[in-house]
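Welcome, and do keep the viewer open while you read. This short report goes with the sequence and structure shown here.

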Amino acid sequence: MKKLIAGATALAASAMVAMTPVSANAKTITLCWAAWDPANALVELSKDFTAKSGVDMKFEFVPWPNFADRMLNELNSKGKLCDLLIGDSQWIGGSAENGHYVKLNDFFAKEGIKMDDFMPATVTGYSEWPKGTPNYWALPAMGDALGWTYRKDWFAKPELRDAFKKQYNRDLEPPKTLDELVDIAKFFQGREVDGKKVYGAAIFTERGSEGITMGVSNFLYPNGFKYQDPKKPYAMEGFVNSPGAVKGLEAYKALYKCCTPPGYTDAYMGEGLDAVKSGQVALQMNWFAFFPGLYKDEKVGGDKIGFFVNPKGSAGSGSQLGGQGLSVVAYSPNQAEALAYIKWFANPEVQKKWWSMGGYSAHKAVLNDPGFAKTAPFAADFLVAMGQVMDFWADPSYAQLLLAEQKRIHDYVVADKGTAKEALDGMIKDWTKVFKDDGKL
Amino acid sequence: MTGQTTPDKLAQRAAQATPQAIAKRVRGLSDRAIAWIFISPTMLLLLAINIFPLIWTIQLSFTNFRANRTNAVVKNVGIDNYTSILSDPDIWAAMQSTAHFVFWTIVLQTLIGFTLAWLLDRKFRGHGFWTTIILIPMMLSPAVVGNFWRFLYQPQIGLFNYIIAFFTGVEPSSFEMIGSVQLAPWSIIIVDTWMWTPYVMLICLAGLRSIPDYIYEAAEVDRASHWRQFWSITIPMALPFIMLAVLFRGIENFKMFDMVNLLTSGGPGSTTEVASITLKREAFEKWRTGFSSAFAIILFVTVFGLANIYVKALNQVKSR
Amino acid sequence: MSASSSSAHSVVEPSALTKRIALGAVILYALITMIPLFWIVITSMKSPPDSISYPPKIFFQPSIEGYCNLFTNQTRQTPEYLETLPPPQNRCEEVTRQRNMVIVGPSNFLKRFANSLIIAFGSTALSVLLGTIAAYGFSRFKVPLKDDLLFFILSTRMMPPIAVAIPIYLMYRELGLSDTKLGMILLYTAVNVSLAVWLLKGFIDEIPREYEEAAMIDGYTRLQAFRKVVLPQATTGIVATAIFCMIFAWNEYAFAVLLTSGDAQPAPPFIPTIIGEGGMDWPAVGAGTTLFLIPILIFTVLLRKHLLRGITFGAVRK
């Protein structure tokens, strides 16, 4: 028994000793982002920064489904894990108002970094809070929007082209409208291609973080959905639940029900990539960020894959904005080095290299370059998409608004509760309550 | 140890024989001092990490505090939080999902667990080994279990549908557990039962082992049938243990969060959104700290009240 | 109430047929219940494409990719770049290069596993220590409001962890204990100590006071009597309690995911976030699950006899 007590106290003591913090090396800073292809590219790119400045880079990457939870928790607990954070565009409001991010206006002025050098949509989307005012909290780091991929080699098969032409009286080509997209998905659903049963489309249906909201937006925006009256902020009736929006939501549910692989009830980016790489689907909805990686894939890349921007709807076009901005965390003890990183990153040469390595630069020097559209098969579509992007709310209460939409949309689309109009009406009710609590209504 | 027939009397006599001052020195630290030294670390820790936070939660529940807006003005809102929770249909839906989950897991785990315990109590050769094997699912982390059962429940690549297809002949992709509104609640019940039936089995086994042989022998002498013995001896004497297992599992499953969150995220829609998932979303995603504190208090009072009633019933059963 | 003796009285000993049926039924249950676990272990030995093939593969070419992916971070490179690198040093590098990827460093898994070890052992040791002495105090001494205090201790287990986490989160934020191993050890100890006190009091109640009192007459102090007389007899209870505390602390997720992120994060919040190039990297997740199960399995199997006795006593007492 004596031994047991001695052992226990020794364990407890060694536990205490193991916890004494190691003094941090002042010449290393940590950058936090989501764990995906562009992050790996950034690791490579940042070697240039280390070479030029002598500051070592450490990275903390968190998979997308856990990214928001973990990082917002970190910011709210004033954590010192991250010196730099490439945070989602929706966090700008909360982070600005609650003092998580360092305001960058003075730094930009001092170093001659001009927001005019970046695409306006990205400046508004990733840097400004309040929106439309010259208060900058991030450097636009990663431009992104929701686009589509398709199996070019299947579309080229003569027997499939004939069958499609017979059934729909037009050629099997990338769709120009959402209705055409649904037709193509229906055509491929359950068909045997290359000896295996395949399915129509891989779309976003994820419940836990933001998946289904991002996915459904691509069907809502082109059908006239607006978050609020352009003339009256936070007035949502008739804009969120306009007849076009209701039709768009119904179409998304129809697409989900008819033309997705089995078990596709909680799918986001990763599942979509898996579906494409294992040859299961003809169409895939995903962020442009993944397209460089897919194009390079041995099994389904190269000639086998094609890309198209989100097709038009009944009221025009629209793509869901993705992308993030690079911010300095206010609780970081290494702000000088972090700002140096931002200065390095804003350099047009670095931005050009960023694009070449698979990161989506938001800098005009890259995007307005005349040869840009030819640099990759998806580059032209990316420019079109960025010209028609709409983003979700970026208010400080964005999480409540997002969770409300996640619940209402998933309840309707996947759990078969109520009608599309009821879902959107319910959303307005939920959002009104949030804005009332915030004093905005 | 010398076998003392009247140890207390001896101790008393010894104590009387020893003068007061020496007695104190002989016994070292006084009993009262030891009692306080032994008990206070635990009480202090519980005070700091349980009581003080509980009081803080109660205080927060009357405000509109938000943990992510430390600069905002915090105002007292009285019982607004409580009334809005009790009138919120989504909260009631979450409580319903929780109740469904708790009820069916208790029923299944008690039935299967007790049966297993009874079988193991037949004491066949190797029963110790098989008991240990059966215990293994209990040793996994519920979060990790929820995560890999998502893999198992996948209609195309997961094992579960294929096994069901093997035995019943239905097409594996023709149904899905976590994605369907009817089957999702059962998917979480199945996983929880898989994990925790061994726990119930252990408690029931302890109960069965505590029944002395002589009672059965007496019943045999009275020529009672095995069936009769089971219902008149085994069940009543094991009942306190069974009820204890039900209490523990009930409390644990009322609080359930990790396994369900990783398995279904509360979906599809909110079909499997149990109370703790709602609480987590309110507290740590929407950051409505005051509101979620009120919800936490309501949950606590509910469990506390139900457990209280149950324990009284349990004590009655034990005293019979 | 005596425990049933192992000497068989022919009237209560089950018949050979009953025993065989029982053995068969139990083996059937054990095998069925082991299938999911078996599947996870063999998934850890599959290559990622095999793990998501449909229909699921029962026969496959084993690969250590799962374990390699678990322990390393990798990036994709072009075949030309791969040509320029020195030849692979070990099997993991070989396997990785075959997929056109390169190992860039260790993953966080080992750190998370170590955190789990420190936090779980630390909090178990502390809970058992505090629990034993508090249980002794409650058992042997007249403590004012004893029954109320004991019920209060039990009721601390009735709050959902998320609920407890709300004020703890705020408290730790102020005290600087967020994301620290010390903070997690204190929290787990506080949660476990209630169970520990409750279980151990049951055990210590069973130990007759006469033994200590005889020892004290023989000249031992109360403390010495506690150490030399009570503790040896309570070993079973202490070990059983330690097992329960260990299982809880080792497998805990809710507090870990809310109160830790980098430095102090243990393994359970980490394992479900291991993604491959698309969705979850199931072989790596399988590998993590398997490795994470092993310590607790060893711990419990070595001490399984104490586990059953622990349930018996703890359950009967109130």
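What follows looks at confidence, chain contacts, domains, a strand and the nonpolar core.

## Model and confidence

Please bear in mind that this is a predicted model. For chain A, the mean pLDDT is 91, and 94% of the residues in that chain reach 70 or more. One stretch to treat with care is residues 16–25 of chain A, where pLDDT stays under 50. For that stretch the model has four contacts beyond four places in sequence.

## Where chain A meets chain C

The contact between these two chains draws on 27 residues from chain A and 30 residues from chain C. On the chain A side, at least two residues each come from helix H1 (2–18), helix H2 (37–53), strand S2 (56–62), helix H3 (64–76) and helix H12 (269–277). By residue class, the side of chain A that touches chain C has 13 nonpolar, seven polar and seven charged residues.

## Where chain B meets chain C

Here, 84 residues of chain B are in contact with 91 residues of chain C. Helix H3 (residues 31–60) of chain B provides the largest share of the chain B side, 14 residues. That side of chain B consists of 59 nonpolar, 15 polar and ten charged residues.

## Domains of chain B

Chain B is split into domain 1 (7–60) and domain 2 (81–319). Taken over C-alpha atoms, the centres of domain 1 of chain B and domain 2 of chain B are separated by 39 Å.

## A buried strand in chain A

Strand S3 (residues 84–88) of chain A is largely enclosed by the rest of the structure, because five of its five residues are buried. This strand, S3(A), pairs with strand S1 (residues 28–34) of chain A in the parallel sense, over two bridges.

## The largest nonpolar core

The largest nonpolar core has 304 residues, of which Ala201(A), Leu249(A), Cys204(B) and Ala165(C) touch the most other members. Helix H9 (residues 181–206) of chain C gives the most to this core, with 16 residues.

Key: Residues numbered from 1 in each chain as written. Chains lettered and ligands numbered in written order. Predicted model: local features only at pLDDT ≥ 70, side-chain atom pairs only at ≥ 80, totals over all residues. pLDDT = per-residue confidence, 0-100. Contact = placed C-beta atoms within 7 Å. Helix = DSSP H or I, 4+ residues; strand = E, 2+ residues; numbered from the N terminus. Nonpolar A, V, L, I, M, F, W, Y, C, P; charged D, E, K, R; others polar. Domains from an automatic or database assignment. Buried ≥ 20, exposed ≤ 12 C-beta atoms within 10 Å, placed from the backbone. Pairing = 2+ DSSP bridges. Core = buried A, V, L, I, M, F, W, Y, C linked by C-beta atoms within 7 Å.
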